[in-house]
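Here's a quick briefing to read alongside the structure. Have a look at the fold and the chain contact first, then go through the points below.

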Amino acid sequence: MKQILIISGKGGTGKTVVTASFAVLAKNKVMVDADVDAANLYLLLDPEIKSTNAYIGSKSAFIDEEKCIGCGKCEQICRFDAISPVRDKTPKVSDSCLEQPISNGVYYIDKFACEGCGACRVVCPKDAVTLNEEETGKWFVSDTKYGPFVHAKLGIAQENSGKLVSVIREKAKVLAIEKNADYIIIDGPPGIGCPVIASLNGIDMAIVVTEPSLSGIHDMQRVIGVAQHFGVDTKVIINKYDINLENTNAIKEICKDNKVEVLGQLPFSDKVPQAIVKGVPIIEFCNDQIAQDIINVWEQIK
Amino acid sequence: MIITVASGKGGTGKTLVSTSLALSLKTPVQFLDCDVEEPNAHIFLKTEIKEREKVYLPKPIVEDSKCIGCGKCSEICQYNAIAVVKGKVLIFYELCHSCGACSLVCPEKAIFEEDSEKGILEGGYSGNIEFWKGTLTVGEAAPTPLIKALKKKIDNKKTVIIDSSPGTSCPMVEAVNNSDFTILVTEPTPFGLNDLILAVEVVKKLKLPVGVIINRFDIGDDKVELYCKENKIPILMRIPFDREIAVLYSKGIPITQEKKEYIKKFQDAFDVINMLQQKYNNKAIKS
């Protein structure tokens with residue numbers, strides 16, 4: 001079983017469009033959307049959700065104001081600037097950030113800043129701090145006409161997306177073993193941070209979808225750096241190659257220097273937004289050059 | 001005034017908007033590129049870097065000679081970054097959040113902390129624009145400490161423009177939090193709308209005023225327009241799909257340089273932002 005991850009560095013280069021087409025082309029596989037904080041693949045795969053699961057992603061500290069004596073030890077120890085005395089409350093800190101109503105002489109925790117480490121609980125002399133587990137998202141196992149699909153929705157303004165990526169990838173692996181799948185195909189997140197690193201773990205091939213803009217090139221180089229840092233075999237697809245041929249050539253040179261194979265180049269196509277609006281993978285929407293080129297890429301990697 | 005440009009979906013034109021806005025304003029501008037995983041604004045705001053500051057975070061190290069293998073560090077760690085195997089402590093640094101709880105609970109004071117480099121801040125001037133960017137070290141997982149360090153540079157006397165990373169999780173929340181106004185850049189497709197709704201929910205939760213810029217507004221469908229109308233979210237600007245803009249962008253040329261009509265458009269959008277922000281403040285004072 002081969003795990004293929006589609007990433008990009010820069011957002012909006014066409015990861016999901018390519019991944020959805022692979023969903024059509026790959027025969028026996030499990031699909032995953034690892035872009036858990038802005039998931040889009042479900043919009044093209046039309047999933048029927050079979051099971052919904054709670055994701056307990058992190059803990060959040062809570063100060064019992066009855067017990068708090070306002071000593072401030074928690075504020076001193078907190079490395080995430082998440083604890084402040086109530087008197088510092090400025091109008092900028094919205095009430096939604098407060099774990100508790102305002103009263104004088106106590107400390108409060110900004111739940112967006114709190115990373116749930118519990119250091120405050122260790123130093124509190126009055127045992128006023130508790131750590132509560134929080135449901136910070138949901139993940140789903142779905143059926144699609146292309147096969148099983150594991151995806152997720154991180155809660156609003158929640159953290160620890162890397163861990164959620166690990167959770168759904170683990171589930172996908174179990175499903176893939178059960179049905180003896182040939183591939184797990186994963187739509188990855190943009191960037192190079194924790195969800196990308198969690199996506200790269202144990203991957204057989206990472207495909208970087210880039211575009212011939214200076215931003216696209218810059219970001220591609222960084223994400224190739226991360227993939228190679230973790231020892232993952234990396235290949236490149238150049239999307240919208242005809243927007244700037246000079247930059248397309250520059251990408252090919254960079255790939256050559258880094259010993260990264262360029263699998264193919266896809267033309268700019270106004271059919272892409274049309275296919276997205278229709279909610280279908282591009283290769284089911286039209287028979288244009290771009291569809292042919294994606295099929296050719298798949299033939300090389302399958 | 002702090003204006004953050006964010007998006008939900010990547011590649012909708014955040015950097016195009018943030019840099020064009022910075023280049024159009026007559027007031028003194030400070031620009032912070034808080035997309036530390038993939039900073040791109042410097043491509044458009046050519047800057048001579050004058051200052052460099054490395055960002056460090058503490059990293060726990062166990063002194064084997066003092067460690068008694070009690071496992072308290074592993075118990076306290078909420079990130080599963082510490083395991084004790086056969087009395088020996090193993091630390092998985094990719095999972096460590098540098099919170100310091102392990103060294104705090106160690107009864108033998110066997111854990112000390114060493115600075116570990118997470119990235120770099122670079123600053124300089126691009127014309128009159130004070131420019132700062134953060135760059136996360138390749139292989140490091142956590143962008144938020146760099147974003148926090150960048151935001152300490154904020155000069156409230158200037159108009160501060162922040163370019164955020166895409167998405168709706170920690171780095172985006174960190175960039176947007178405590179702004180005076182958030183611009184969400186989107187595109188009129190189901191992808192753009194899906195991620196716009198998520199981003200709006202984040203901004204609403206942070207109780208910040210928000211406006212939308214629709215890029216390539218003439219492709220796709222009208223659902224983003226309808227969503228904004230139904231939810232009373234002002235649309236600050238509509239940018240058409242224009243191959244010329246795509247080509248300029250690909251070369252790293254700001255559109256305000258080659259298509260001067262955009263200077264006025266961004267100035268007008270800024271006036272609207274000021275007005276909306278005033279209105280929002282007045283309302284906040286009243287309530």
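In chain A, S6(A) and strand S7 (residues 147-154) run antiparallel and are joined by eight bridges. Bear in mind that this is a predicted model. From that strand pair, the briefing moves on to the rest of chain A, then chain B, then what the chains share.

**Strands in chain A**

- S6(A) and S7(A) make a hairpin, with two residues between them.
- Within that pairing, Lys138(A) sits opposite Lys153(A) in S7(A).
- S6 (residues 129-144) also pairs with strand S3 (residues 48-63) of chain A, again antiparallel, and here there are 14 bridges.
- For a landmark along S6(A), take Glu135(A), the bridge partner of Ile56(A).

**A buried helix in chain A**

- Helix H1 (residues 15-25) of chain A is largely enclosed by the rest of the structure, because nine of its eleven residues are buried.
- The buried residues of H1(A) are Lys15(A), Thr16(A), Val17(A), Val18(A), Thr19(A), Ala20(A), Ser21(A), Phe22(A) and Ala23(A).

**The sheet in chain B**

- Chain B has an open sheet of nine strands with mixed pairing, in the order S3-S6-S7-S2-S8-S1-S9-S10-S11.
- Strand S3 (48-62) and strand S11 (235-239) of chain B are the edge strands; each has a single partner strand, so one side of each is left without a neighbour in the sheet.
- On average, neighbouring strands of this sheet are turned by 20° against each other, direction ignored.
- Inside the sheet, strand S2 (residues 29-33) and strand S7 (residues 129-136) of chain B run parallel and are joined by four bridges.
- Phe31(B) stands opposite Phe131(B) in S7(B).
- Helix H1 (residues 14-24) of chain B lies across several strands, among them S1 (2-6), S2 and S7, and runs at about 165° to S8(B).

**Domains**

- The assignment for chain A gives domain 1 (2-46 + 145-301) and domain 2 (58-135).
- In chain A, the centres of domain 1 and domain 2, taken over C-alpha atoms, are separated by 40 Å.
- Chain B is split into domain 1 (2-45 + 118-286) and domain 2 (58-115).
- The centres of domain 1 and domain 2 of chain B, again over C-alpha atoms, are separated by 40 Å.

**Where the chains meet**

- The contact draws on 54 residues from chain A and 57 residues from chain B.
- On the chain B side, helix H4 (101-105), helix H6 (170-176), helix H7 (190-205) and helix H9 (243-251) each supply at least two residues.
- H7(B) gives the largest share of the side of chain B that touches chain A, with eight residues.
- By type, the residues on that side of chain B come to 25 nonpolar, 22 polar and ten charged.

**The nonpolar core**

- Which residues touch the most other members of the largest nonpolar core? They are Ile168(A) and Val202(B), in a core of 184 residues.
- H7(B) supplies the largest share of this core, eight residues.
- Setting aside neighbours within four places in sequence, Ile168(A) is in contact with Val32(A), Ala34(A), Trp139(A), Val150(A), His151(A) and Ala152(A).
- More generally, nonpolar side chains in soluble globular proteins tend to be buried together.

Definitions and conventions. Residues numbered from 1 in each chain as written. Chains lettered and ligands numbered in written order. Predicted model: local features only at pLDDT ≥ 70, side-chain atom pairs only at ≥ 80, totals over all residues. Contact = placed C-beta atoms within 7 Å. Nonpolar A, V, L, I, M, F, W, Y, C, P; charged D, E, K, R; others polar. Domains from an automatic or database assignment. Buried ≥ 20, exposed ≤ 12 C-beta atoms within 10 Å, placed from the backbone. Pairing = 2+ DSSP bridges. Axes fitted to C-alpha atoms, helices over the stretch in contact; angles between N-to-C directions. Core = buried A, V, L, I, M, F, W, Y, C linked by C-beta atoms within 7 Å.
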